[in-house]
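Please read it alongside the model.

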Amino acid sequence: MMNAREAARQEEHKRDCLARHLIRQPFSKQRDFLQTMKVKALKQDISRRMREQMAIEIASMEPSLRQLRFRQLEKIASHSQRNYEWYMDIRSRVDSILQPREAEHV
């Protein structure tokens, strides 16, 4: 029988996997999926995890690919204020991931 801690860990893992899956889908599918979610807190949690996963993925790219991805995201960000805030949040997350790495190389 599973204890509460193990159940919570498994739930965290499921949500992270869902977020990783969603960031690989077209934006229209991401939006449609999130719009069907009834529980606002769960929707916000999945959205936050998607941004975290995307930042981790971008931070792990080679610098040239990372800049290319940022240019793609900038293009999307130009469509609305909400998209721009989303882009800036991801950019900030990537920067915070990379800062400790860059400090190690100095």
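The crossing of H2 and H3 is right-handed, meaning that the near helix is turned clockwise from the far one by less than a right angle. This is a predicted model, in which local features need pLDDT of at least 70, side-chain atom pairs count only at pLDDT 80 or more, and totals for chains, interfaces and linings use all residues. Residues are numbered from 1 along each chain as its sequence is written, and side-chain values use heavy atoms, without hydrogens and water.

Helix H2 (residues 27–36) packs against helix H3 (residues 40–59) at an angle of about 155°, the axes being 9 Å apart. The two are therefore roughly antiparallel (over 145 degrees). In the contact (heavy atoms within 4.5 Å), Gln30, Leu34 and Gln35 of H2 meet Lys43, Ile46, Ser47 and Met50 of H3.

The model has 13 salt bridges, each a side-chain nitrogen of Lys or Arg within 4 Å of a carboxyl oxygen of Asp or Glu. Three of them are listed here.

| Pair | Closest N and O atoms |
|---|---|
| Arg9 and Glu6 | 2.8 Å |
| Arg49 and Glu12 | 2.7 Å |
| Glu52 and Arg93 | 3.7 Å |

Arg9 and Glu6 are 3 residues apart in helix H1 (residues 4–23), so about one helical turn separates them. Arg49 is buried at 5% relative accessible area (buried is under 20%, exposed over 50%, partly exposed in between; 1.4 Å probe, protein chains only). Glu52 in helix H3 and Arg93 in helix H5 (residues 81–104) tie together parts 41 residues apart in sequence.

Terms used. Axes are lines fitted to C-alpha atoms, for helices over the stretch in contact, and angles run from 0 to 180 degrees between N-to-C directions. Helices (H or I, at least four residues) and strands (E, at least two) are DSSP runs, numbered from the N terminus. Angles under 35 degrees count as roughly parallel, over 145 as roughly antiparallel, 65 to 115 as roughly perpendicular and the rest as oblique.
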